[in-house]
Amino acid sequence: MNDIRSRALTLGEYIISTGSTVRATAKVFKVSKSTVHKDVTERLSRDNPMMYRCVKEVLEKNKMERHIRGGMATKLKYKVK
């Protein structure tokens with residue numbers, strides 16, 4: 001149980017310091033997106049509310065920007081070489 005709490009804190013610190021998305025964070029820590037999301041929303045909100053608020057701001061920012069990242073990915077995919 002202590003492992004899960006420390007993982008949630010580590011994930012939260014990483015997201016805050018890098019501004020990383022859930023997907024990118026999951027790739028770095030080799031866990032699923034669902035695990036990252038559950039850790040930084042449910043577990044952090046209960047165990048460390050201050051950090052949770054900071055992580056939530058980053059996730060909201062990423063959510064607002066995701067359509068831009070998707071458009072850039074599509075642009076790169078179909079870019080004529």
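This is a predicted model: local features need pLDDT of at least 70, side-chain atom pairs count only at pLDDT 80 or more; totals for chains, interfaces and linings use all residues.
Local features need pLDDT of at least 70 and side-chain atom pairs count only at pLDDT 80 or more, while totals for chains, interfaces and linings use all residues. Residues are numbered from 1 along each chain as its sequence is written, and side-chain values use heavy atoms, without hydrogens or water.

Start with helix 1 (residues 2–18) and helix 3. Helices are DSSP runs (H or I, at least four residues), numbered from the N terminus. The two axes come within 9 Å and cross at roughly 105°. Axes are lines fitted to C-alpha atoms over the stretch in contact, with angles from 0 to 180 degrees between N-to-C directions. Helix 1 is therefore roughly perpendicular to helix 3 (65 to 115 degrees). Contact means heavy atoms within 4.5 Å. On helix 1 the contact residues include I4, L11 and I15; on helix 3 they include V36, V40 and L44.

Now helix 3 against helix 4. Their axes come within 6 Å and cross at roughly 150°. So helix 3 is roughly antiparallel to helix 4 (over 145 degrees). Among the residues that meet are V40 and L44 in helix 3, and Y52, V55 and L59 in helix 4.

Last, the largest pocket. It holds about 400 Å³, a volume being the space filled by probe spheres set on the grid points, joined across faces, edges and corners. A pocket is an open set of points on a 1 Å grid over the protein atoms alone, where a 1.4 Å probe fits, with protein on both sides within 12 Å along at least five of seven lines; lining residues have an atom within 4 Å of a point. Of 14 lining residues, V22, L59, N62, K63 and R66 are closest to the centre. Helix 4 gives the most, with 8 residues.

Technical notes
Helices (H or I, at least four residues) and strands (E, at least two) are DSSP runs, numbered from the N terminus. Angles under 35 degrees count as roughly parallel, over 145 as roughly antiparallel, 65 to 115 as roughly perpendicular and the rest as oblique.
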